Amino acid sequence: MYAVIKTGGKQYRVATGEKIKVEQIAADVGQEIVIDQVLAVGNGAELKVGTPLVSGATVTVTVVAHGLHDKVRIFKMRRRKHYMKRQGHRQQFTELQIGAIAG
């Protein structure tokens with residue numbers, strides 16, 4: 001069984017037992033969260049698609065860890081103008097363990 005969930009402005013296809021990294025969620029490590037923004041639920045050849053959400057469908061997840069992604073380096077340059085700008089950014093994430101999918 002799998003589901004398509006929406007969190008942090010992005011959509012993720014998840015199945016029971018998987019670990020995914022999503023935009024940071026304000027929750028403690030070990031805490032269980034219920035995600036109710038489920039866009040689709042599939043089981044084999046059967047697929048329920050919401051308009052826009054599947055009513056009554058939920059995904060239970062457990063917070064495994066918080067952390068920072070790899071650094072993204074931003075480099076801007078204008079040739080022959082003596083302009084160079086270097087920046088870096090590390091996006092925060094929350095790692096989730098997918099539990100039960102109800103729907």
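**View 1. The hairpin of β1 and β2.** Strands β1 and β2 form a hairpin with 2 residues between them, and Gly-8 in the turn has a positive phi of about 65 degrees; strands here are DSSP runs of E with at least two residues, numbered from the N terminus. The model is predicted, so that local features need pLDDT of at least 70 and side-chain atom pairs count only at pLDDT 80 or more, while totals for chains, interfaces and linings use all residues. Residues are numbered from 1 along each chain as its sequence is written, and side-chain values use heavy atoms, with hydrogens and water left out. Strand β1 (residues 2-7) runs antiparallel to strand β2 (residues 10-15), to which 6 bridges join it, where pairing requires that DSSP finds at least two bridges between two strands. Within this pairing, Val-4 stands opposite Arg-13 in β2.

**View 2. The pairing of β1 with β5.** Strand β5 (residues 38-43) pairs with β1 in the antiparallel sense over 4 bridges, and Val-4 stands opposite Ala-40 in β5.

**View 3. The hairpin of β5 and β6.** Strand β6 (residues 46-49) runs antiparallel to β5 and is joined to it by 4 bridges, with Gly-42 standing opposite Leu-47 in β6. This hairpin has 2 residues between its strands, and Gly-44 takes a positive phi near 70 degrees.

**View 4. Charges over aromatic rings.** Arg-13 lies over the face of Tyr-2, at 4.0 Å from the ring centre, the criterion being NZ of Lys or CZ of Arg within 6 Å of the ring centre and within 35 degrees of the ring normal. Lys-21 likewise lies over the face of Phe-93, at 4.6 Å from the ring centre.
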